[in-house]
Amino acid sequence: MPFKLTHACVITPDVEGLRNFYSVVLHMPPALARPDYVEFAAGGAALSLYDQREFARYAPPVESSGACSRVMIEFVVDNVDREYARLRRFPIDWVKPPSTQPWGNRSLYLRDPDGNLVNLYSRVDVSARSSDDSDGLEHDTSSARRRAGARI
């Protein structure tokens, strides 16, 4: 049987804070909510949030060193610009407003309260882009990705 991703789990000292954040960003309540564990249904998989102290009872402790720069949590949405308009009224740590990437994603980058990078994106046809849809990125993918990685 091939591998199937079932969960992305964020181990956190602040389950309640992340639960509130993801309820707003995902525009839905959790499918399961306990004080130490929360789970959001995400298109056949789940985003779960697990209390750091409780998790340590079952597995080696996870140390937190601030903002995560190695993992990005991504969600495909119907229209990233509409989501940005909906979310702008909330106190969110915005990394980059909606922009079209050379590989065909229109992405909105933000950070959750634990500092994890989140990408909300929609697929777009980059061949149909007009010159008025400039996102400020070079379209040499390797240099654009290097610069993006340096900022995040």
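Arg53 forms a salt bridge with Asp51 (a side-chain nitrogen of Lys or Arg within 4 Å of a carboxyl oxygen of Asp or Glu), with the closest N and O atoms 3.2 Å apart. The model is predicted, with local features requiring pLDDT of at least 70 and side-chain atom pairs pLDDT 80 or more, while totals for chains, interfaces and linings use all residues. Residues are numbered from 1 along each chain as its sequence is written, and side-chain values use heavy atoms, leaving out hydrogens and water.

Arg53 is exposed at 59% relative accessibility; Asp51 is buried at 9%. Buried means under 20% relative accessible area, exposed over 50%, and partly exposed in between (1.4 Å probe, protein chains only). The salt bridge count is five. Another joins Arg86 to Glu83, at 2.8 Å between the closest N and O atoms. Both residues lie in helix 3, three residues apart, about one turn of the helix. Helices (H or I, at least four residues) and strands (E, at least two) are DSSP runs, numbered from the N terminus.

Four strands form an open, mixed sheet in the order 1-4-3-2. Strands 1 (7-12) and 2 (32-33) are at the edges, each with a single partner strand, so one side of each lacks a neighbour in the sheet. Pairing requires at least two DSSP bridges between two strands. Strand 1 pairs with strand 4 (residues 45-51) in the parallel sense, over six bridges.
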